[in-house]
Amino acid sequence: MWIVNILFLLFLVPCLLFLVRFILYKTALIFVLRKWVNWVDDRVHVHQYLKVAELNENGQDNQFYKRVSLYVNSLPSVEDSNYTNLFSGKKSNDIILLLDDNQVIQDEFLGARVSWINKVERFGGVCNRSFLLRIKKKDKRRTLRPYLQHIHTVSDDIEQRRRELILFINNGSSENPVNGRWRSVPFTHPSTFETIAMDADLKNKVKSDLENFVKSQNYYQKMGRAWKRNYLLYGPSGTGKSSFIGAMANFLNYDVYDVDLSRVANDTDLKLLLLQTTSRSLIVIEDLDRLVNKNLTTITLSGLLNFMDGIVNSCSGDEKIMVFTMNSKEQVDPAMLRPGRIDVHIHFPFCDFNSFKSLANNYLGLKEHKLFPQVEEIFHSGATMSPAAIGELMIANRSSPSRALKSVITALQSNGNEGKSAGKGKRLSDSASSPSLLPLPPLAPSHAEETGGANWKDSVPGAKEVRKLYGLLRLKSCKSPNSFDHDSDMIER
């Protein structure tokens, strides 16, 4: 009989515990119980209070107060506060939670429990704000310094995620210096690594390289090298170099400095511009080969080399990536391309079938279509076009995916026929000719063309129209798009 009683008790106790736990959670009594436990714990320990005022002793903004505010309002315990303010964010669907005045929230770090008070005092119309940190004296020596460093790190990450990206464009040296050497506008380029037409393996390599760069501050310091990395993007116009730069900026959350060398007075002026750039930024020079070969800038070769990896470059701030674009690198001085000045070479050729499928997926939402085999056959025959040209055809006919594919087929066939009538065309992988030797379209491609900004009529172009637009695109390439340069199969670390 006693065995039955013991078994009954063993069954009854867990049931009672489960019932108590269920009642506590369902009635929110668990929060009351935790509050009582914390109250008792606070009474048996000695605490120290640390005040973080909004203003410093000179009446200026206390930057650490802003960091603490970002950190405290990002804590999950803000939702458990008795009073919490709700505000709309920069985006229409964003909701931001902010701790109300004189409210207390809890935080834990390295096993120690601390609390923050959003203290607000008003005296005769003057409002004094501060955050009050309460920490047990027995935990202070062990956790305080690491905790404050933790606040710095978390607030930096939050600020970096929330801030808007900016595009800077340099003024001419003779222009009004009151406004500074850089004009700025919000950087709203929509390109991402998910939307650009690029080989998947290459895309993953690039993203991995960028992520490793961001995390490698200590490594660069240990090696005695400036925390910088230089990219070269080369290939014909319309192959996606500008969109790739936009994807890099959005991926890293970096500002962009677009350097116009034609507005730079001399080598010294270029150095001064570099000194005025900030950390966590992309510094971009587009069409560098054209500027150098056609003498469109007063900058000397020595000035460019020093800009790329000279002393001023090393002292102008950390965590910067320089990006140079060219149509070809064959007629550029080899000194500009050596390791150290250019770390990563990325080739942007004309479209092949794999990149075409990526474009069809992005522009038309097509993963498969009955016309795909015909398009693949045309690509294998040697016909090719730039991704920008194919993208524009798809945009112009996006209401009818079949019509869009037929327009691409017509353009490819026309381009292929023109190429055959003109004789054998060179493969892009066989010869990276200079822009002056490349058979380009009759209208010089603009910067907007590279990013898909040209205007097209909302109708399917006939063979005659297509021939007029693309008749001189005779280069053929079956090489996979956006591949790393043959000199840099492995990214330098």
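In helix 14, the buried residues are P387, A388, A389, I390, G391, E392, L393, M394 and A396. Buried here means under 20% relative accessible area, with exposed over 50% and partly exposed in between, using a 1.4 Å probe and protein chains only. That is 9 of the 10 residues of helix 14, which spans residues 387-396, so the helix is mostly covered. Helices (H or I, at least four residues) and strands (E, at least two) are DSSP runs, numbered from the N terminus.

A word on the source. This is a predicted model, where local features need pLDDT of at least 70 and side-chain atom pairs count only at pLDDT 80 or more, while totals for chains, interfaces and linings use all residues. Residues are numbered from 1 along each chain as its sequence is written, and side-chain values use heavy atoms, leaving out hydrogens and water.

Next, the cores. A nonpolar core is a set of buried Ala, Val, Leu, Ile, Met, Phe, Trp, Tyr and Cys residues joined through side-chain atoms within 4.5 Å. The largest has 29 residues, and F244, M248, L282, I321, V323 and I346 have the most contacts inside it. Among the elements giving two or more residues to this core are helix 5 (200-214), strand 9 (228-234) and strand 12 (320-326). Helix 7 gives the most, with 6 residues. Apart from this core lies another, of 27 residues, including I285, I299, L304 and M322.

Last, strand 7. Strands pair if DSSP finds at least two bridges between them. Strand 7 (residues 166-170) is antiparallel to strand 8 (residues 182-186), over 5 bridges, and I166 stands opposite P186. Strand 7 runs parallel to strand 10 (residues 255-258), joined by 3 bridges; there I169 stands opposite D258.
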